[in-house]
Amino acid sequence: MTAPLAAEGLGKRFRRDWALRDCTLTIPDGAIVGLAGPNAAGKSTLLALATGLLGPTEGTISVLGLDPRRDASVLADVGYVAQGAPLYRSFTVAETIEFARRTNARWDDRVADGLLTVLDAKTRVGALSEGDRGRLALALVLGKRPRLLLLDEPFAGLDPLAGREFLQLLMDGVAETGATVVIASHVIADIERVCDHIVLLADGRVRLEGNVEELLGTHRILMGPRRPLGTIRGVREVVRERHSGRQLTLLVTTDGPIVDPSWTVDRVGLEELLLAYMAPERLPTPQPPEKVPLRWHG
Amino acid sequence: MAWVTWRQHRPQLLAAAALLAALAAAAVGTDIPIRAAYHRDALSGCLPPSARSGCDLIVRHFQGEFDSWAAALRGLTVLPALAGLFIGAPLLARELEHGTHRFAWTQSITRRHWLLAKTSLLAAATLAAAAVASALVMWWRTPFDTLEGRMAPSAFDLEGVVVPGYALYALALGTLAGLLLRRTVAAMTVTLIVFAASRLAVLEFLRPRFLSPLTRTVVASDGGRQAGDWVLNDTLVDAGGRQISTAREDLAILHAQHAGIDPHTYLVSVGWKRVISYQPASRFWTFQLFEAGLFVCLAAAVVFVTLALVRGNPG
(Lines give C-alpha, C1' and ligand atoms only; values in the text may rest on other atoms or scores of the structure.)
Protein backbone atom coordinates (compact mmCIF):
# COMPACT_ATOMS: atom_id res chain seq x y z
CA MET A 1 0.00 0.00 0.00
CA THR A 2 1.51 3.34 -1.02
CA ALA A 3 1.54 6.07 1.57
CA PRO A 4 -1.25 8.61 1.15
CA LEU A 5 1.32 11.36 1.50
CA ALA A 6 5.09 11.10 1.40
CA ALA A 7 7.80 13.70 0.96
CA GLU A 8 11.51 13.31 0.38
CA GLY A 9 13.84 16.27 0.89
CA LEU A 10 10.95 18.53 -0.08
CA GLY A 11 11.66 22.26 -0.23
CA LYS A 12 9.82 25.31 -1.52
CA ARG A 13 11.36 28.74 -1.92
CA PHE A 14 9.46 31.94 -2.54
CA ARG A 15 11.85 34.46 -4.06
CA ARG A 16 14.69 34.24 -1.53
CA ASP A 17 12.93 32.77 1.50
CA TRP A 18 12.45 29.09 2.07
CA ALA A 19 8.88 28.38 3.18
CA LEU A 20 9.69 24.70 3.54
CA ARG A 21 13.03 22.92 3.61
CA ASP A 22 14.35 19.37 3.89
CA CYS A 23 10.92 18.00 4.54
CA THR A 24 10.93 14.23 4.70
CA LEU A 25 7.89 12.44 6.03
CA THR A 26 5.57 9.53 5.43
CA ILE A 27 1.96 9.66 6.52
CA PRO A 28 0.59 6.20 7.33
CA ASP A 29 -2.60 5.07 5.63
CA GLY A 30 -5.76 5.84 7.55
CA ALA A 31 -4.04 8.17 10.01
CA ILE A 32 -5.58 11.35 11.33
CA VAL A 33 -2.60 13.67 11.13
CA GLY A 34 -2.18 16.90 12.99
CA LEU A 35 0.08 19.23 11.04
CA ALA A 36 1.14 21.59 13.79
CA GLY A 37 3.40 24.59 13.91
CA PRO A 38 3.34 28.31 14.48
CA ASN A 39 2.19 30.74 11.81
CA ALA A 40 4.42 30.83 8.73
CA ALA A 41 5.90 27.45 9.60
CA GLY A 42 5.23 26.05 6.14
CA LYS A 43 1.99 24.17 6.84
CA SER A 44 -0.01 25.78 4.06
CA THR A 45 2.93 25.43 1.70
CA LEU A 46 3.13 21.71 2.37
CA LEU A 47 -0.59 21.27 1.69
CA ALA A 48 -0.41 23.41 -1.46
CA LEU A 49 2.48 21.24 -2.66
CA ALA A 50 0.39 18.15 -1.98
CA THR A 51 -2.45 19.46 -4.16
CA GLY A 52 -0.15 20.54 -6.97
CA LEU A 53 -1.15 24.18 -6.54
CA LEU A 54 2.56 24.75 -5.95
CA GLY A 55 5.49 22.91 -7.44
CA PRO A 56 8.47 22.01 -5.26
CA THR A 57 11.75 23.89 -5.59
CA GLU A 58 13.62 20.77 -4.56
CA GLY A 59 12.85 17.24 -3.47
CA THR A 60 9.76 15.23 -4.25
CA ILE A 61 6.26 14.80 -2.92
CA SER A 62 4.01 11.89 -3.68
CA VAL A 63 0.30 11.77 -3.05
CA LEU A 64 -1.32 8.33 -3.15
CA GLY A 65 1.80 7.21 -4.99
CA LEU A 66 1.58 9.89 -7.68
CA ASP A 67 3.29 13.21 -8.32
CA PRO A 68 0.47 15.75 -8.02
CA ARG A 69 2.16 18.07 -10.51
CA ARG A 70 2.50 15.46 -13.18
CA ASP A 71 -0.63 13.39 -12.54
CA ALA A 72 -3.34 15.91 -11.85
CA SER A 73 -5.75 12.95 -11.97
CA VAL A 74 -4.81 12.28 -8.34
CA LEU A 75 -6.90 15.33 -7.40
CA ALA A 76 -10.01 13.19 -7.87
CA ASP A 77 -8.98 11.31 -4.73
CA VAL A 78 -7.88 14.34 -2.71
CA GLY A 79 -10.21 16.63 -0.82
CA TYR A 80 -8.62 19.97 -0.02
CA VAL A 81 -10.03 22.84 1.98
CA ALA A 82 -7.74 25.84 1.69
CA GLN A 83 -7.25 28.32 4.50
CA GLY A 84 -10.38 30.39 5.01
CA ALA A 85 -12.38 27.87 2.92
CA PRO A 86 -12.49 30.04 -0.21
CA LEU A 87 -15.75 29.61 -2.11
CA TYR A 88 -17.58 31.73 -4.65
CA ARG A 89 -19.44 34.21 -2.48
CA SER A 90 -22.01 35.05 -5.13
CA PHE A 91 -23.00 31.39 -5.59
CA THR A 92 -25.88 29.95 -3.60
CA VAL A 93 -25.35 26.79 -1.58
CA ALA A 94 -27.10 24.75 -4.29
CA GLU A 95 -24.98 26.33 -7.03
CA THR A 96 -21.79 25.61 -5.12
CA ILE A 97 -22.77 21.95 -4.88
CA GLU A 98 -23.63 22.02 -8.57
CA PHE A 99 -20.15 23.41 -9.26
CA ALA A 100 -18.55 20.50 -7.40
CA ARG A 101 -20.83 18.00 -9.13
CA ARG A 102 -19.78 19.32 -12.54
CA THR A 103 -16.06 19.61 -11.86
CA ASN A 104 -15.67 16.16 -10.31
CA ALA A 105 -15.87 12.87 -12.11
CA ARG A 106 -17.01 11.12 -8.95
CA TRP A 107 -19.57 12.84 -6.81
CA ASP A 108 -21.72 11.44 -4.06
CA ASP A 109 -24.85 13.48 -3.48
CA ARG A 110 -25.83 11.53 -0.39
CA VAL A 111 -22.74 12.53 1.55
CA ALA A 112 -23.12 16.19 0.66
CA ASP A 113 -26.88 16.29 1.16
CA GLY A 114 -26.61 14.67 4.56
CA LEU A 115 -24.38 17.49 5.73
CA LEU A 116 -26.40 20.27 4.19
CA THR A 117 -29.92 19.52 5.37
CA VAL A 118 -29.61 22.31 7.92
CA LEU A 119 -28.68 24.87 5.24
CA ASP A 120 -31.11 26.67 2.96
CA ALA A 121 -30.02 25.79 -0.58
CA LYS A 122 -30.92 29.26 -1.82
CA THR A 123 -28.69 31.16 0.60
CA ARG A 124 -25.73 32.90 -0.95
CA VAL A 125 -22.38 31.63 0.27
CA GLY A 126 -21.36 35.18 1.19
CA ALA A 127 -24.29 35.37 3.61
CA LEU A 128 -23.47 32.14 5.45
CA SER A 129 -22.02 32.17 8.94
CA GLU A 130 -18.45 30.95 9.31
CA GLY A 131 -19.69 27.71 10.80
CA ASP A 132 -22.11 27.05 7.96
CA ARG A 133 -19.47 27.92 5.39
CA GLY A 134 -17.12 25.41 7.04
CA ARG A 135 -19.91 22.84 6.89
CA LEU A 136 -20.43 23.56 3.19
CA ALA A 137 -16.69 23.33 2.49
CA LEU A 138 -16.60 20.00 4.30
CA ALA A 139 -19.59 18.70 2.34
CA LEU A 140 -17.80 19.70 -0.86
CA VAL A 141 -14.71 17.66 -0.07
CA LEU A 142 -16.50 14.68 1.47
CA GLY A 143 -18.80 14.50 -1.55
CA LYS A 144 -15.75 13.62 -3.63
CA ARG A 145 -15.28 10.56 -1.39
CA PRO A 146 -11.57 11.34 -1.19
CA ARG A 147 -8.90 8.93 0.01
CA LEU A 148 -6.88 11.84 1.35
CA LEU A 149 -8.34 14.89 3.04
CA LEU A 150 -6.22 18.00 3.46
CA LEU A 151 -7.65 20.70 5.71
CA ASP A 152 -5.79 23.98 6.13
CA GLU A 153 -6.70 25.75 9.39
CA PRO A 154 -10.30 24.54 9.30
CA PHE A 155 -11.02 25.90 12.77
CA ALA A 156 -9.87 29.46 12.16
CA GLY A 157 -12.89 31.68 12.41
CA LEU A 158 -15.06 29.04 14.04
CA ASP A 159 -16.25 29.56 17.59
CA PRO A 160 -15.50 26.64 19.93
CA LEU A 161 -18.96 25.15 19.54
CA ALA A 162 -18.88 25.36 15.75
CA GLY A 163 -15.35 23.97 15.81
CA ARG A 164 -16.49 20.99 17.83
CA GLU A 165 -19.41 20.42 15.51
CA PHE A 166 -17.13 20.67 12.48
CA LEU A 167 -14.82 18.10 13.98
CA GLN A 168 -17.74 15.77 14.71
CA LEU A 169 -18.99 16.03 11.10
CA LEU A 170 -15.47 15.49 9.83
CA MET A 171 -14.92 12.39 11.93
CA ASP A 172 -18.31 10.98 10.94
CA GLY A 173 -17.48 11.51 7.27
CA VAL A 174 -14.06 10.01 7.66
CA ALA A 175 -15.38 7.01 9.54
CA GLU A 176 -17.64 6.36 6.55
CA THR A 177 -15.03 6.82 3.82
CA GLY A 178 -11.91 5.61 5.67
CA ALA A 179 -9.90 8.53 4.36
CA THR A 180 -6.53 9.64 5.64
CA VAL A 181 -6.82 13.15 7.06
CA VAL A 182 -4.26 15.90 7.47
CA ILE A 183 -5.39 18.82 9.60
CA ALA A 184 -3.10 21.84 9.65
CA SER A 185 -3.62 24.05 12.65
CA HIS A 186 -1.58 26.34 14.83
CA VAL A 187 -3.95 25.66 17.73
CA ILE A 188 -2.70 22.44 19.30
CA ALA A 189 -5.85 21.91 21.32
CA ASP A 190 -7.82 21.52 18.09
CA ILE A 191 -5.50 18.82 16.84
CA GLU A 192 -5.13 17.05 20.14
CA ARG A 193 -8.72 15.91 20.28
CA VAL A 194 -8.65 13.72 17.19
CA CYS A 195 -5.17 13.23 15.82
CA ASP A 196 -3.22 10.02 16.19
CA HIS A 197 -0.20 11.22 14.25
CA ILE A 198 1.73 14.46 14.52
CA VAL A 199 3.89 16.40 12.12
CA LEU A 200 5.40 19.49 13.71
CA LEU A 201 6.75 22.16 11.40
CA ALA A 202 8.65 25.24 12.47
CA ASP A 203 10.63 27.68 10.34
CA GLY A 204 9.95 25.55 7.29
CA ARG A 205 11.44 22.39 8.73
CA VAL A 206 10.01 19.24 10.24
CA ARG A 207 10.81 19.36 13.93
CA LEU A 208 8.98 16.27 15.09
CA GLU A 209 7.01 13.52 13.44
CA GLY A 210 5.45 10.38 14.82
CA ASN A 211 2.56 8.54 16.32
CA VAL A 212 1.03 10.48 19.22
CA GLU A 213 0.95 7.47 21.57
CA GLU A 214 4.57 6.64 20.83
CA LEU A 215 5.71 10.21 21.25
CA LEU A 216 3.94 10.60 24.57
CA GLY A 217 5.24 7.19 25.68
CA THR A 218 8.88 8.02 25.05
CA HIS A 219 8.94 11.54 26.46
CA ARG A 220 9.02 12.34 30.17
CA ILE A 221 9.20 15.45 32.28
CA LEU A 222 11.73 15.35 35.08
CA MET A 223 11.64 17.80 37.97
CA GLY A 224 14.22 18.12 40.65
CA PRO A 225 16.54 20.49 42.48
CA ARG A 226 18.92 22.47 40.32
CA ARG A 227 22.24 20.76 39.76
CA PRO A 228 24.91 20.21 37.10
CA LEU A 229 23.59 17.69 34.61
CA GLY A 230 25.35 14.40 34.29
CA THR A 231 23.96 11.31 32.62
CA ILE A 232 20.69 10.08 34.01
CA ARG A 233 19.93 6.39 33.65
CA GLY A 234 17.02 5.80 31.33
CA VAL A 235 17.35 9.18 29.64
CA ARG A 236 18.35 9.09 26.01
CA GLU A 237 18.37 12.79 25.47
CA VAL A 238 17.45 16.09 27.04
CA VAL A 239 15.17 17.96 24.70
CA ARG A 240 14.75 21.04 26.78
CA GLU A 241 15.75 22.30 30.18
CA ARG A 242 14.18 25.09 32.13
CA HIS A 243 15.35 26.70 35.35
CA SER A 244 13.01 28.41 37.76
CA GLY A 245 14.63 29.40 41.02
CA ARG A 246 16.26 26.36 42.44
CA GLN A 247 14.00 24.07 40.46
CA LEU A 248 15.15 22.33 37.28
CA THR A 249 12.64 20.96 34.80
CA LEU A 250 13.75 18.71 31.95
CA LEU A 251 11.91 17.33 28.95
CA VAL A 252 13.67 14.13 27.95
CA THR A 253 13.35 11.17 25.66
CA THR A 254 13.74 7.89 27.44
CA ASP A 255 15.13 4.49 26.59
CA GLY A 256 14.17 2.78 29.80
CA PRO A 257 12.59 3.40 33.17
CA ILE A 258 13.99 6.32 35.16
CA VAL A 259 14.70 5.09 38.63
CA ASP A 260 16.74 7.96 40.11
CA PRO A 261 14.62 9.00 43.12
CA SER A 262 15.92 12.60 43.10
CA TRP A 263 13.76 13.25 40.02
CA THR A 264 10.01 13.49 39.97
CA VAL A 265 8.98 11.80 36.70
CA ASP A 266 5.85 12.92 34.94
CA ARG A 267 4.12 12.12 31.70
CA VAL A 268 4.03 14.96 29.21
CA GLY A 269 0.96 16.43 27.51
CA LEU A 270 0.89 16.81 23.73
CA GLU A 271 0.67 20.58 23.89
CA GLU A 272 3.65 20.83 26.19
CA LEU A 273 5.62 18.44 24.03
CA LEU A 274 4.94 20.34 20.83
CA LEU A 275 5.69 23.70 22.42
CA ALA A 276 9.02 22.37 23.63
CA TYR A 277 9.99 21.27 20.13
CA MET A 278 8.65 24.45 18.59
CA ALA A 279 10.75 26.92 20.55
CA PRO A 280 13.80 27.53 18.39
CA GLU A 281 16.21 28.62 21.12
CA ARG A 282 15.75 25.42 23.11
CA LEU A 283 16.34 23.00 20.30
CA PRO A 284 18.54 20.02 20.97
CA THR A 285 21.63 19.93 18.84
CA PRO A 286 21.32 17.59 15.87
CA GLN A 287 22.38 14.04 16.60
CA PRO A 288 23.55 11.25 14.35
CA PRO A 289 20.46 9.38 13.25
CA GLU A 290 21.33 6.03 14.85
CA LYS A 291 20.99 7.53 18.32
CA VAL A 292 17.61 9.05 17.57
CA PRO A 293 14.66 6.73 17.78
CA LEU A 294 12.12 9.33 16.74
CA ARG A 295 12.42 11.31 13.61
CA TRP A 296 12.95 14.91 14.50
CA HIS A 297 14.97 17.39 12.54
CA GLY A 298 16.44 20.77 13.06
CA MET B 1 -18.00 23.44 -17.72
CA ALA B 2 -20.61 25.26 -19.79
CA TRP B 3 -22.81 25.66 -16.73
CA VAL B 4 -19.86 26.78 -14.61
CA THR B 5 -18.78 29.35 -17.20
CA TRP B 6 -22.30 30.65 -17.64
CA ARG B 7 -22.85 30.88 -13.87
CA GLN B 8 -19.57 32.67 -13.20
CA HIS B 9 -19.73 35.08 -16.12
CA ARG B 10 -23.46 35.67 -16.22
CA PRO B 11 -23.19 39.38 -15.30
CA GLN B 12 -20.67 40.11 -18.04
CA LEU B 13 -22.53 38.11 -20.68
CA LEU B 14 -25.82 39.78 -19.79
CA ALA B 15 -24.13 43.20 -19.84
CA ALA B 16 -22.70 42.43 -23.27
CA ALA B 17 -26.14 41.46 -24.53
CA ALA B 18 -27.63 44.64 -23.07
CA LEU B 19 -24.87 46.72 -24.66
CA LEU B 20 -25.53 45.16 -28.05
CA ALA B 21 -29.26 45.76 -27.68
CA ALA B 22 -28.61 49.42 -26.81
CA LEU B 23 -26.25 49.69 -29.77
CA ALA B 24 -28.85 48.22 -32.10
CA ALA B 25 -31.52 50.58 -30.80
CA ALA B 26 -29.21 53.58 -31.23
CA ALA B 27 -28.26 52.42 -34.72
CA VAL B 28 -31.85 52.07 -35.85
CA GLY B 29 -32.83 55.36 -34.24
CA THR B 30 -30.06 57.42 -35.81
CA ASP B 31 -30.27 55.62 -39.11
CA ILE B 32 -33.75 56.96 -39.97
CA PRO B 33 -32.73 60.57 -40.78
CA ILE B 34 -29.53 59.41 -42.49
CA ARG B 35 -31.33 57.02 -44.83
CA ALA B 36 -33.99 59.64 -45.52
CA ALA B 37 -31.33 62.12 -46.64
CA TYR B 38 -29.41 59.44 -48.49
CA HIS B 39 -32.36 58.31 -50.53
CA ARG B 40 -33.37 61.81 -51.55
CA ASP B 41 -33.38 61.96 -55.30
CA ALA B 42 -30.59 64.49 -55.51
CA LEU B 43 -28.11 62.31 -53.66
CA SER B 44 -29.07 58.92 -55.04
CA GLY B 45 -28.50 60.31 -58.51
CA CYS B 46 -25.01 61.27 -57.48
CA LEU B 47 -23.80 57.98 -56.07
CA PRO B 48 -20.41 56.90 -57.43
CA PRO B 49 -19.39 56.40 -60.14
CA SER B 50 -21.75 59.17 -61.24
CA ALA B 51 -19.93 62.48 -61.57
CA ARG B 52 -22.57 64.91 -62.68
CA SER B 53 -21.58 68.48 -62.13
CA GLY B 54 -22.86 69.78 -58.80
CA CYS B 55 -22.78 66.35 -57.27
CA ASP B 56 -19.82 67.30 -55.14
CA LEU B 57 -22.00 69.97 -53.56
CA ILE B 58 -24.80 67.55 -52.81
CA VAL B 59 -22.38 65.00 -51.34
CA ARG B 60 -20.68 67.72 -49.32
CA HIS B 61 -24.03 68.79 -47.98
CA PHE B 62 -24.82 65.27 -46.86
CA GLN B 63 -21.40 64.93 -45.26
CA GLY B 64 -21.71 68.30 -43.56
CA GLU B 65 -24.96 67.19 -42.02
CA PHE B 66 -23.94 63.72 -40.84
CA ASP B 67 -20.17 63.57 -40.59
CA SER B 68 -20.24 64.39 -36.89
CA TRP B 69 -22.39 61.29 -36.45
CA ALA B 70 -19.91 59.15 -38.31
CA ALA B 71 -17.16 60.69 -36.19
CA ALA B 72 -19.05 59.80 -33.01
CA LEU B 73 -19.22 56.22 -34.24
CA ARG B 74 -15.45 56.08 -34.01
CA GLY B 75 -15.90 55.89 -30.26
CA LEU B 76 -16.86 52.26 -30.84
CA THR B 77 -13.16 51.55 -31.47
CA VAL B 78 -12.97 50.80 -27.73
CA LEU B 79 -15.68 48.13 -27.97
CA PRO B 80 -13.35 45.14 -28.58
CA ALA B 81 -11.15 46.25 -25.67
CA LEU B 82 -14.12 45.81 -23.31
CA ALA B 83 -13.91 42.04 -23.83
CA GLY B 84 -10.38 42.15 -22.47
CA LEU B 85 -11.17 44.51 -19.62
CA PHE B 86 -14.37 43.00 -18.30
CA ILE B 87 -14.18 39.34 -19.29
CA GLY B 88 -10.49 38.57 -19.80
CA ALA B 89 -8.85 40.48 -16.96
CA PRO B 90 -11.12 39.23 -14.15
CA LEU B 91 -11.14 35.63 -15.46
CA LEU B 92 -8.03 34.62 -13.54
CA ALA B 93 -7.28 37.76 -11.52
CA ARG B 94 -10.51 37.55 -9.54
CA GLU B 95 -9.92 33.89 -8.69
CA LEU B 96 -6.36 34.61 -7.60
CA GLU B 97 -7.40 37.73 -5.71
CA HIS B 98 -10.08 35.93 -3.69
CA GLY B 99 -8.17 32.65 -3.37
CA THR B 100 -11.03 30.77 -5.04
CA HIS B 101 -8.57 29.19 -7.47
CA ARG B 102 -7.57 26.99 -4.52
CA PHE B 103 -11.14 25.71 -4.56
CA ALA B 104 -11.65 25.55 -8.33
CA TRP B 105 -8.30 24.00 -9.20
CA THR B 106 -8.39 21.26 -6.60
CA GLN B 107 -11.49 19.57 -7.93
CA SER B 108 -10.97 16.61 -10.27
CA ILE B 109 -10.79 18.74 -13.40
CA THR B 110 -7.24 19.89 -14.25
CA ARG B 111 -6.64 23.59 -14.29
CA ARG B 112 -5.59 23.53 -17.96
CA HIS B 113 -8.83 21.85 -18.86
CA TRP B 114 -10.67 24.37 -16.66
CA LEU B 115 -8.97 27.34 -18.33
CA LEU B 116 -9.28 25.95 -21.84
CA ALA B 117 -12.98 25.19 -21.41
CA LYS B 118 -13.71 28.60 -19.93
CA THR B 119 -11.69 30.62 -22.43
CA SER B 120 -13.06 28.78 -25.44
CA LEU B 121 -16.66 29.29 -24.31
CA LEU B 122 -16.03 32.94 -23.50
CA ALA B 123 -14.15 33.38 -26.78
CA ALA B 124 -17.14 31.99 -28.66
CA ALA B 125 -19.45 34.44 -26.87
CA THR B 126 -17.03 37.30 -27.53
CA LEU B 127 -16.74 36.40 -31.21
CA ALA B 128 -20.50 36.30 -31.57
CA ALA B 129 -20.97 39.65 -29.83
CA ALA B 130 -18.18 41.29 -31.86
CA ALA B 131 -19.60 39.91 -35.10
CA VAL B 132 -23.02 41.35 -34.27
CA ALA B 133 -21.50 44.73 -33.39
CA SER B 134 -19.46 44.74 -36.60
CA ALA B 135 -22.50 43.83 -38.71
CA LEU B 136 -24.50 46.61 -37.05
CA VAL B 137 -21.79 49.16 -37.81
CA MET B 138 -21.49 47.98 -41.41
CA TRP B 139 -25.21 48.30 -41.91
CA TRP B 140 -25.30 51.76 -40.31
CA ARG B 141 -22.32 52.99 -42.27
CA THR B 142 -23.57 51.81 -45.70
CA PRO B 143 -24.32 55.37 -46.92
CA PHE B 144 -20.96 56.65 -45.69
CA ASP B 145 -19.10 53.68 -47.13
CA THR B 146 -20.69 54.25 -50.52
CA LEU B 147 -19.71 57.90 -50.53
CA GLU B 148 -16.35 57.83 -48.74
CA GLY B 149 -15.22 54.23 -48.84
CA ARG B 150 -14.20 52.11 -45.88
CA MET B 151 -10.49 51.67 -46.40
CA ALA B 152 -9.53 54.55 -44.10
CA PRO B 153 -8.97 53.54 -40.45
CA SER B 154 -12.04 55.43 -39.24
CA ALA B 155 -14.20 52.87 -41.05
CA PHE B 156 -11.82 49.95 -41.48
CA ASP B 157 -11.32 49.49 -37.73
CA LEU B 158 -15.03 49.22 -37.05
CA GLU B 159 -16.14 46.95 -39.85
CA GLY B 160 -15.70 43.46 -41.16
CA VAL B 161 -13.78 40.64 -39.55
CA VAL B 162 -11.13 42.69 -37.75
CA VAL B 163 -13.56 43.53 -34.94
CA PRO B 164 -13.93 39.90 -33.76
CA GLY B 165 -10.15 39.55 -34.21
CA TYR B 166 -9.47 42.54 -31.94
CA ALA B 167 -11.97 41.29 -29.36
CA LEU B 168 -10.39 37.84 -29.28
CA TYR B 169 -6.94 39.35 -28.82
CA ALA B 170 -8.16 41.64 -26.03
CA LEU B 171 -9.79 38.68 -24.28
CA ALA B 172 -6.59 36.62 -24.42
CA LEU B 173 -4.50 39.57 -23.32
CA GLY B 174 -6.75 40.24 -20.31
CA THR B 175 -6.57 36.60 -19.22
CA LEU B 176 -2.77 36.56 -19.34
CA ALA B 177 -2.51 39.92 -17.55
CA GLY B 178 -4.80 38.59 -14.83
CA LEU B 179 -2.62 35.53 -14.35
CA LEU B 180 0.59 37.55 -14.19
CA LEU B 181 -0.63 40.47 -12.08
CA ARG B 182 -3.18 38.64 -9.91
CA ARG B 183 -5.09 41.90 -9.39
CA THR B 184 -8.19 42.70 -11.40
CA VAL B 185 -7.72 46.46 -11.60
CA ALA B 186 -4.03 46.20 -12.46
CA ALA B 187 -4.79 43.56 -15.08
CA MET B 188 -7.47 45.79 -16.61
CA THR B 189 -5.08 48.73 -16.82
CA VAL B 190 -2.28 46.73 -18.39
CA THR B 191 -4.69 45.06 -20.81
CA LEU B 192 -5.91 48.44 -22.01
CA ILE B 193 -2.39 49.79 -22.46
CA VAL B 194 -1.02 46.76 -24.28
CA PHE B 195 -4.12 46.39 -26.42
CA ALA B 196 -4.06 50.06 -27.47
CA ALA B 197 -0.32 49.89 -28.13
CA SER B 198 -0.57 46.81 -30.34
CA ARG B 199 -3.54 48.19 -32.25
CA LEU B 200 -1.69 51.46 -32.86
CA ALA B 201 1.53 49.69 -33.85
CA VAL B 202 -0.30 47.55 -36.41
CA LEU B 203 -2.23 50.53 -37.72
CA GLU B 204 0.84 52.74 -38.08
CA PHE B 205 3.54 50.32 -39.13
CA LEU B 206 2.06 47.12 -40.51
CA ARG B 207 -1.26 47.82 -42.17
CA PRO B 208 0.17 50.39 -44.65
CA ARG B 209 2.63 47.69 -45.73
CA PHE B 210 0.34 44.63 -45.95
CA LEU B 211 0.63 45.11 -49.72
CA SER B 212 2.87 47.70 -51.31
CA PRO B 213 0.93 50.93 -51.75
CA LEU B 214 0.00 52.22 -55.18
CA THR B 215 1.03 55.67 -56.33
CA ARG B 216 -0.75 58.11 -58.53
CA THR B 217 0.65 61.33 -59.97
CA VAL B 218 -1.74 64.17 -60.65
CA VAL B 219 -1.29 67.80 -61.57
CA ALA B 220 -0.68 70.08 -58.62
CA SER B 221 -4.01 71.87 -58.88
CA ASP B 222 -6.00 68.65 -58.52
CA GLY B 223 -7.45 68.00 -55.11
CA GLY B 224 -6.13 64.55 -55.80
CA ARG B 225 -8.49 62.80 -53.44
CA GLN B 226 -10.37 59.89 -54.85
CA ALA B 227 -13.16 58.62 -52.65
CA GLY B 228 -12.63 55.22 -51.10
CA ASP B 229 -8.86 55.03 -51.03
CA TRP B 230 -6.74 55.12 -47.93
CA VAL B 231 -4.23 57.89 -48.68
CA LEU B 232 -0.93 57.20 -46.95
CA ASN B 233 1.13 60.00 -48.40
CA ASP B 234 0.36 63.05 -50.47
CA THR B 235 3.42 65.08 -51.49
CA LEU B 236 4.13 67.86 -53.94
CA VAL B 237 7.12 67.32 -56.26
CA ASP B 238 8.74 69.62 -58.76
CA ALA B 239 9.36 68.80 -62.41
CA GLY B 240 12.59 67.00 -61.46
CA GLY B 241 10.76 64.80 -58.98
CA ARG B 242 12.24 66.42 -55.87
CA GLN B 243 9.91 66.74 -52.91
CA ILE B 244 8.72 70.24 -52.09
CA SER B 245 8.34 71.22 -48.48
CA THR B 246 5.11 72.74 -47.25
CA ALA B 247 6.99 75.94 -46.43
CA ARG B 248 8.12 76.23 -50.02
CA GLU B 249 4.63 75.48 -51.29
CA ASP B 250 3.18 78.19 -49.07
CA LEU B 251 5.81 80.62 -50.28
CA ALA B 252 4.97 79.83 -53.91
CA ILE B 253 1.25 80.34 -53.29
CA LEU B 254 1.96 83.62 -51.51
CA HIS B 255 4.15 84.66 -54.42
CA ALA B 256 1.36 83.86 -56.91
CA GLN B 257 -1.19 85.79 -54.82
CA HIS B 258 1.07 88.86 -54.74
CA ALA B 259 1.57 88.61 -58.48
CA GLY B 260 -2.19 88.38 -58.96
CA ILE B 261 -2.03 84.95 -60.62
CA ASP B 262 -4.34 82.07 -59.66
CA PRO B 263 -2.14 79.90 -57.39
CA HIS B 264 -3.51 76.67 -58.95
CA THR B 265 -2.58 77.79 -62.43
CA TYR B 266 0.77 78.97 -61.16
CA LEU B 267 1.67 75.63 -59.57
CA VAL B 268 0.74 73.80 -62.77
CA SER B 269 2.69 76.26 -64.85
CA VAL B 270 5.92 75.64 -62.92
CA GLY B 271 5.46 71.93 -63.49
CA TRP B 272 4.75 70.84 -59.93
CA LYS B 273 2.82 67.63 -59.41
CA ARG B 274 1.25 65.75 -56.52
CA VAL B 275 2.38 62.21 -55.86
CA ILE B 276 -0.19 60.29 -53.85
CA SER B 277 0.59 56.91 -52.37
CA TYR B 278 -2.51 55.00 -51.29
CA GLN B 279 -4.11 51.67 -50.61
CA PRO B 280 -7.04 51.25 -52.99
CA ALA B 281 -10.56 50.59 -51.79
CA SER B 282 -10.55 47.28 -53.66
CA ARG B 283 -8.13 45.83 -51.12
CA PHE B 284 -10.60 46.18 -48.25
CA TRP B 285 -11.35 42.48 -47.70
CA THR B 286 -7.76 41.38 -48.33
CA PHE B 287 -6.58 43.79 -45.67
CA GLN B 288 -9.40 42.79 -43.35
CA LEU B 289 -8.34 39.15 -43.59
CA PHE B 290 -4.68 40.02 -43.09
CA GLU B 291 -5.32 42.10 -40.01
CA ALA B 292 -7.91 39.76 -38.49
CA GLY B 293 -5.56 36.84 -39.09
CA LEU B 294 -2.72 38.71 -37.46
CA PHE B 295 -4.73 39.43 -34.31
CA VAL B 296 -6.13 35.90 -34.13
CA CYS B 297 -2.55 34.57 -34.31
CA LEU B 298 -1.49 37.00 -31.57
CA ALA B 299 -4.44 35.84 -29.46
CA ALA B 300 -3.50 32.20 -30.01
CA ALA B 301 0.08 32.92 -28.94
CA VAL B 302 -1.11 34.70 -25.79
CA VAL B 303 -3.47 31.82 -24.94
CA PHE B 304 -0.62 29.37 -25.44
CA VAL B 305 1.58 31.31 -23.01
CA THR B 306 -1.28 31.55 -20.51
CA LEU B 307 -1.89 27.80 -20.62
CA ALA B 308 1.81 27.13 -20.13
CA LEU B 309 2.02 29.55 -17.19
CA VAL B 310 -1.15 28.43 -15.46
CA ARG B 311 0.62 25.16 -14.72
CA GLY B 312 3.23 27.22 -12.89
CA ASN B 313 3.04 28.41 -9.34
CA PRO B 314 -0.02 30.52 -8.79
CA GLY B 315 -0.18 29.37 -5.16
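Predicted model: local features only at pLDDT ≥ 70, side-chain atom pairs only at ≥ 80, totals over all residues.
Biologist: Over how many bridges do strand 1 and strand 2 of chain A pair?

Modeller: Strand 1 covers residues 5-14 of chain A, and its pairing with strand 2 of chain A runs in the antiparallel sense. One of the bridges joins Phe14(A) to its partner Asp17(A) in strand 2 of chain A. The pairing of strand 1 with strand 2 of chain A extends over 7 bridges.

Biologist: Thanks! How far apart are the centres of domain 1 and domain 2 of chain A?

Modeller: The domain assignment places domain 1 at 5-203 and domain 2 at 213-291 of chain A. Taking the centres over C-alpha atoms, the separation is 34 Å.

Biologist: And which elements give two or more residues to the side of domain 1 of chain A that touches domain 2 of chain A?

Modeller: Let's start with the contact, which takes 10 residues from domain 1 of chain A and 7 residues from domain 2 of chain A. By class, the domain 1 side has 7 nonpolar, 1 polar and 2 charged residues. The elements you asked for are helix 6 (188-192) and strand 8 (197-202) of chain A.

Technical notes: Residues numbered from 1 in each chain as written. Chains lettered and ligands numbered in written order. Pairing = 2+ DSSP bridges. Helix = DSSP H or I, 4+ residues; strand = E, 2+ residues; numbered from the N terminus. Domains from an automatic or database assignment. Contact = placed C-beta atoms within 7 Å. Nonpolar A, V, L, I, M, F, W, Y, C, P; charged D, E, K, R; others polar.
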